[in-house]
Amino acid sequence: MSIKKRYIAVIAAVGIGIGWLTLGGTAAVMHYTSSTEFCVSCHTMQIPYEEYEGSIHFSNAKGIRAECSDCHIPSDPIDYVITKIRASKDIYHEFVTDKIDTEEKYEEHRMAMAETVWAQLRENDSATCRSCHTFDAMDSYEQSEDATKMHAYAQENNQTCIDCHKGVAHFAPEPEMDSEAFDNLMAFTEKTAPDAKVVYPVETIEMGELGTINPTAKLDVVSIEGTERTVELHAYQMKGAEQVLYYGEGQRAIVAMLTEAGQNAVETGEYHADEYGNEWRTAVITAQIDADVLDSLEPIWDYAEELDNVYCATCHAKIPAGHFTVNAWGPVAKGMGDRTDISAEDLELLTKFFQNHAKDVAGH
């Protein structure tokens, strides 16, 4: 009986030993293959590693470094295992397909790779981000005014971290709009009715010696002779900046820029002070134009929404135009536009889309 007990004890000890070796070995392998050193040992990871080295997650005033696993591997046991299984494809592409073994190939696949990671983070509500960052722990007084507003907006609209923070450790894919989209927009000008009573420029257009008219400005047609139209532009002037015509009283969306001759040609009303003490008056200018125009703003707004999808939503969740006022959208759009390679002309159309649908304009 004692021999049997001894056998049982030996078998149990061996089983426990094998179990520890198996589980411990597996844990050790999983831990090692989660290290930054292992991640960047592959040739194909040199580009993202160099981007990571230039990010605030690698070097910052606090001296806190987020390693690869901190951002890419969830701590939840099931998600952890699923992520590790998914990662096997990286080994496959590294040694078998050479899918991203050159900088050119990497850039070609950057968007697809980024979208895969973004989708995973949306699926788990940015779990790895939230392991370090939480709304409750944020000190809004230490944040910029814009950051405080956007974090409040994110909470109110159930957004997750990756909706806005897509380029925090690696370069976001470079957005680019196909020029064919603008050509399609301009094609709509050919459908503008010759006798249209109201028209809108797609680009900045000249009005002779009087100045220029910005895209989307509403122009009332007075008369037509051939391809030339005589139009009226109804707008507002602010005292001290008479060379500028604005969308509305107190609303600094620029619709035209006037020369000295243009300022002298404007028919004006009386100045009235707004709540901030700025003085505004109505302004009407009549001018001749010879340019491609639309008789509806819808094609422009459709094009602007494409711009929004490409240049804005590539980096963060779409922000409804009604979220900001006319005056707020100007600097917001410019600040965001400076971070992309969007052209000045496209940025103007996108800005006008936001301003014409801003929360102090919507419904009017």
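Predicted model: local features only at pLDDT ≥ 70, side-chain atom pairs only at ≥ 80, totals over all residues.
Two residues are taken to be in contact where heavy atoms lie within 4.5 Å. Gln155 stands 161 residues from His316 along the chain, and the C-alpha atoms of the two are separated by 15 Å.

The protein as a whole contains 14 helices and eleven strands. Its radius of gyration is 30 Å, whereas a compact globule of 364 residues would have a value near 21 Å. Taken along the principal axes, the box filled by the C-alpha atoms has dimensions of roughly 115 × 45 × 35 Å. Of the 364 residues, 35% count as buried, and the accessible surface comes to about 21900 Å², with 55% of that area belonging to carbon and sulfur atoms. Among the contacts in the protein with a separation of 6 or more, 64% are accounted for by residues 24 or more positions apart. The charged side chains comprise 27 positive and 62 negative ones, and the centres of these two sets lie 13 Å apart.

Helix 14, formed by residues 344–356, was examined in more detail. At 1.5 Å a residue, its 13 residues should span 18 Å, and this agrees with the separation of its end C-alpha atoms, which are 18 Å apart. Because ten of the 13 residues are buried, helix 14 is largely enclosed by the rest of the structure. The buried set consists of Asp346, Leu347, Leu349, Leu350, Thr351, Lys352, Phe353, Phe354, Gln355 and Asn356. The cover over these residues includes helix 10 (179–187), helix 12 (298–312) and helix 13 (326–337), together with strand 6 (244–248) and strand 7 (251–258). Glu345 is also found in helix 14, but with a relative accessibility of 52%, which is over the 50% limit, this residue counts as exposed. In sequence, Glu345 and Ile85 are 260 residues apart, and in space their C-alpha atoms are 46 Å apart.

Two residues other than glycine were noted for a positive phi. Asp125, which is not a glycine, has a phi of about 55° and is found in the loop between helix 7 (103–123) and helix 8 (127–130). With a relative accessibility of 39%, Asp125 counts as partly exposed. For Thr216, likewise a residue other than glycine, phi is positive and near 75°. Thr216 lies in the loop between strand 3 (211–213) and strand 4 (219–225), and its relative accessibility of 7% means that Thr216 counts as buried.

When its neighbours within four places in sequence are left aside, Glu270 is in contact with Trp280 and Arg281. Thr282 is twelve residues from Glu270 in sequence, and the distance between the two in space, C-alpha to C-alpha, is 7.3 Å.

Val40, in turn, lies in the loop between helix 2 (36–39) and helix 3 (46–53). Its relative accessible area is 17%, and since buried means under 20%, Val40 is buried. Not counting residues up to four places away in sequence, Val40 touches Met45, Gln46 and Tyr49. Between Val40 and Tyr141, which are 101 residues apart along the chain, the separation of the C-alpha atoms is 37 Å.

Notes. Residues numbered from 1 in each chain as written. Heavy atoms only, no water. Helix = DSSP H or I, 4+ residues; strand = E, 2+ residues; numbered from the N terminus. Rg over C-alpha atoms; globule rule 2.2 N^0.38 Å. Buried < 20%, exposed > 50% of the residue type's maximum accessible area, 1.4 Å probe, protein only. Areas by Shrake-Rupley, 256 points an atom, 1.4 Å probe, with all protein chains shown as cover. Lys, Arg positive; Asp, Glu negative; His and termini not counted. Charge placed at Lys NZ, Arg CZ, Asp CG, Glu CD. Expected span 1.5 Å × (residues − 1).
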